[in-house]
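Here is a quick tour for anyone meeting this protein for the first time.

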Amino acid sequence: MNYVAKENVSTERKILLMRRDASLEITNDGEQRAFGNAASFTGLANPAGGTNSSANFAALTSPTGLIGSAGPAVPAGPIGSANVCGAADIVTTSSVPKVFLSNDCAFNCAYCGCRRSFEAKERYSTAPRELAEIAYAQIGKGCPGVFITSAVFKTPDYTQELIIEALRILRNEMRYSGYLHAKVMPGADPLLIRRTGLYANRLSVNIEVAKSEGYALIAKNKSKENILRPMGDISGLVRAAGEERKIFRHSQFTATSHTTQLMAGSLGEDDGTILRLSNALYKKYSLSRIYYTSYQYRYTAKGYEDLPLVNTPAWRMHRLYQADRLMQLYGYSVNDIVPDESEFLLDQNYDPKAAWALRNMQFFPVEVNAADREALLRVPGIGVTGAERILAARRQGRLSFDALKSLGISLKRSKHFITCGGKFSGSMSERVIRYSLSNGAANGQLTLAM
Ligand code: SF4
């Protein structure tokens, strides 16, 4: 396949642009917002009214992408920004860098700074060998892997072929055997998806919108079919390769997991809609991880003149990450997290676990010397690690408050919800309890005392 560069941009300049694209959230006017791990809970925007979703993907069904993002085996989480189909500009706490084949997109998604109609965007595209060299240089700096992603350069299949070639060079010529995450383009040919998975460890295709009708409104070149069909293909291939490995201990298809990215706030959807969709996606497609991002439409884009401007607050995305982890790791159901259909958003002031506890005070206090794992995980301030430590320590004898502290359990939050040997050291005042739980939220913490 012939790669034809459109522009004359130096490799150094491309790397600079890639880094910029990957380390900042970019809004559709190309403006960049610094967006680090500590969520800045600025502004509350109540994005366009909330409909509840019967029209979302009822039963469905992977994201993200030089220099700054996704993550090996279990990519650490948070923080995707919307944009770039996959080329998504993402910052995560993980150290796997993103390398972009191109930011010169043939598609025209309203929310994306790489969209075709955004004429002020400084464009670049990278030949597979150049991309492989950039990626290899990142790996040489001690990164645990690399995420190869792209905007839709010319066509989805053309982009996918270039990505495959870059992967092939990394694996077969540069002899790189470490972690590779690769983007799958919307609507990519099934055979190309399969070929991508012969080199990558993880694949991803971004779903982006929480309701199927959303594509026609904000991402006119995309459709439910050209996202879900590749997602289904990847899921089937990963599953089949897993079966092969069980029997033959080997599969040519090296991808073992896949992920996706979902925007909050694009269609006025509520958080229950997003979480129900996430739940369905995890189940149907065996996704390893869903990344959330906040929808931004801050500038009227060509072809989308009628769309209302929206600036979805970052705290909403962080609450979704927390809710997602509760469902995946803590055994919470969607209804536990969003019990009231009329509620539009997760609570800004309390993380979803604290919010559940406040709604269910009758469940507490929990006796730490007797409670099972599931009950311990409902206690604000006790996370997965803390619960495991408590269960292990209990085998050695009864626990005191001092013992809990030595296990690393934060009593600041948990003391209101537990007894220890029958003793209670928390407060009975709801005001005091709410105050102690709200601090973490106000500081934008992402943890749930996990
Ligand atoms: S497909 Fe859409 S979201 Fe992806 S890079 Fe192109 S314009 Fe951006």
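Start with the open sheet: six strands in the order E3-E4-E5-E6-E7-E8, with parallel pairing. Strand E3 (98-100) and strand E8 (289-294) are the edges, each pairing on one side only. Direction ignored, neighbouring strands here are turned by 25 degrees against each other on average. Axes are lines fitted to C-alpha atoms, for helices over the stretch in contact, and angles run from 0 to 180 degrees between N-to-C directions. As for the names, helices (H or I, at least four residues) and strands (E, at least two) are DSSP runs, numbered from the N terminus. Two strands count as paired if DSSP finds at least two bridges between them.

A word on what you're looking at: this is a predicted model, where local features need pLDDT of at least 70, side-chain atom pairs count only at pLDDT 80 or more, and totals for chains, interfaces and linings use all residues. Residues are numbered from 1 along each chain as its sequence is written. The protein chain has 15 helices and twelve strands, and of its 450 residues, 52% count as buried. A residue is buried if 20 or more other C-beta atoms lie within 10 Å of its own, exposed if 12 or fewer, and partly exposed in between, with C-beta atoms placed from the backbone.

Strand E5 (residues 179-183) has five of its five residues buried, so it is largely enclosed by the rest of the structure. Both of its faces are covered: Tyr179, His181 and Lys183 sit on one side, Leu180 and Ala182 on the other.

On one flank, E5 pairs with strand E4 (residues 145-149) in the parallel sense over four bridges, and Ile148 stands opposite Ala182 in E5. To get from E4 to E5 the chain goes through helix H3 (residues 156-173), and this β-α-β crossover is right-handed. That term means that, with the strands pointing away from the viewer, the path from the first strand over the helix to the second runs clockwise. E5 also pairs in the parallel sense with strand E6 (residues 202-204), over three bridges, and there His181 faces Arg202. The link from E5 to E6 is helix H4 (residues 190-196), in another β-α-β crossover that is right-handed.

What about E7: how many of its residues are buried? Eight of the eight are, so E7 is largely enclosed by the rest of the structure. One side carries Ser257, Thr259, Gln261 and Met263, the other His258, Thr260, Leu262 and Ala264.

E6 and E7 pair in the parallel sense over three bridges, with Arg202 opposite Ser257 in E7. Strand E7 (residues 257-264) is joined to E8 by six bridges, and the two run parallel. Ala264 has Ser294 as its bridge partner in E8, while Thr259 stands opposite Arg289. E7, H7 and E8 make a right-handed β-α-β unit. Helix H7 (residues 271-285) lies across E7 and E8, running at about 170 degrees to E7.

## A loop residue tucked inside

Ser266 is in the loop between E7 and H7. Is it buried or exposed? Ser266 is buried, because 28 other C-beta atoms lie within 10 Å. Leaving aside neighbours within four places in sequence, Ser266 is in contact with Tyr111, Val209, Gly214, Ile218 and Tyr295; contact means C-beta atoms, placed from the backbone, within 7 Å. Ile218 is 48 residues away along the chain, yet its C-alpha and that of Ser266 are separated by 7.9 Å.

Helix H8 (residues 314-329) has 13 of its 16 residues buried, so it is largely enclosed by the rest of the structure. After H8 comes Gly331, whose phi is positive, near 80 degrees.

In helix H12 (residues 384-394), Gly386, Ala387, Arg389 and Ile390 are buried. Seen down the axis of H12, its buried residues fall within an arc of 160 degrees, so they line one face of the helix; the arc is that of the directions from the helix axis to the C-beta atoms. These buried residues pack against helix H11 (373-376). Leu407, in the loop between helix H13 (401-406) and helix H14 (411-414), is partly exposed, with 17 C-beta neighbours inside 10 Å. Beyond its neighbours within four places in sequence, Leu407 is in contact with Gly386, Arg389, Ile390 and Ala393.

How values were computed: Contact = placed C-beta atoms within 7 Å.
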